[in-house]
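Subject: Handing over the model

Dear colleague,

I am passing on the structure below, and after it you will find notes on what turned up when I went through it. Please read them with the model open beside you.

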Amino acid sequence: MFFKKKSVVPYLLMTFIAGLISVFDNVMNVVYMQTLPTEEKNPFASWIIDNWGVVGLVEIKAIGTILAVALMCKLAYTRYKIAIIPIFLFQICLFLYLAFASVQSSMLFKQDMFVPIKEFFRFYL
């Protein structure tokens, strides 16, 4: 059997979801490439954009995602697997921010709340 212990499966699932959210974040960088240099709120990401452009940011984030997911997969088989939980929770918060930050609270049910998610799937279809 691929899994040595069943207790590893939830941690690998959290790792997969965290990686998927990171991919969503990076695709949003590509989708909004034209406005990202002025709209980016992360000062470190803005610095990368200023020095290497949006393409550089996408490449760095892709490499970081691959390394982070590989490390978390390895951690899932150790006694340090508990470290995956805060990363997973942070990624869930990031997804909620990315997916719904454009929605103003006064317009919550009056406008399309799922524009970023639709843009993500439009990018691939």
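This is a predicted model: local features need pLDDT of at least 70, side-chain atom pairs count only at pLDDT 80 or more; totals for chains, interfaces and linings use all residues.

**Overall make-up**

The secondary structure of the protein chain consists of 5 helices and 0 strands, which gives the order α-α-α-α-α when read from the N terminus. Of the 125 residues in the protein chain, 31% are buried. Taking the contacts between residues at least 6 apart in sequence, 63% of them join residues that are at least 24 apart.

**The aromatic residues**

In total the structure holds 3 aromatic pairs, one of which is formed by Trp47 and Trp52 in an edge-to-face arrangement, with 5.4 Å from centre to centre and 85 degrees between the planes. The term edge-to-face applies here because the angle of 85 degrees is over the cut-off of 60. As for accessibility, Trp47 is partly exposed, its relative accessible area being 45%, whereas Trp52, with a relative accessible area of 52%, counts as exposed, because the limit for that class is over 50%.

**Helices α1 and α4**

The axes of α1 and α4 come within 9 Å and cross at roughly 35 degrees, and the crossing in which α1 passes α4 is left-handed. On the α1 side the contact is made by Tyr11, Met14, Thr15, Ile17, Ala18, Ile21, Ser22, Phe24 and Asp25, while α4 contributes Ile84, Ile85, Phe88, Gln91, Ile92, Leu94, Phe95 and Leu98.

Ser22, which lies in helix α1, deserves a separate look. With a relative accessible area of 17%, Ser22 is buried, since the class takes in values under 20%. If its neighbours within four places in sequence are left aside, Ser22 is in contact with Thr65 and Gln91, and Gln91 is also listed among the α4 residues that make the contact with α1.

Gly64 has its place in helix α3, which covers residues 43-75, and at 34% relative accessibility Gly64 counts as partly exposed. Between Gly64 and Ser22 there are 9.4 Å in space, C-alpha to C-alpha, although the two are 42 residues apart in sequence.

**Helix α5**

Where do the buried residues of α5 fall when the helix is seen down its axis? The buried residues of helix α5 (residues 115-124) are Pro116, Ile117 and Phe120, and in that view they fall within an arc of 105 degrees, so they line one face of the helix. What covers these buried residues includes α1 (9-31) and α4 (84-100), the two helices whose crossing is described above.

**Cysteines**

The structure holds 0 disulfides. Among the residues for which I have accessibility values, Cys73 is partly exposed at 31% relative accessibility, and Cys93 counts as exposed at 52%.

Conventions. Residues are numbered from 1 along each chain as its sequence is written. Side-chain values use heavy atoms; hydrogens and water are left out. Buried means under 20% relative accessible area, exposed over 50%, partly exposed in between (1.4 Å probe, protein chains only). Helices (H or I, at least four residues) and strands (E, at least two) are DSSP runs, numbered from the N terminus. The arc is that of the directions from the helix axis to the C-beta atoms. Contact means heavy atoms within 4.5 Å. Rings of Phe, Tyr and Trp (its six-membered ring) pair if their centres lie within 6.5 Å; planes under 30 degrees apart count as stacked, over 60 as edge-to-face and the rest as tilted. A disulfide is a pair of cysteine sulfur atoms within 2.5 Å. Axes are lines fitted to C-alpha atoms, for helices over the stretch in contact, and angles run from 0 to 180 degrees between N-to-C directions. A crossing is left-handed if the near helix is turned anticlockwise from the far one by less than a right angle, and right-handed if clockwise.
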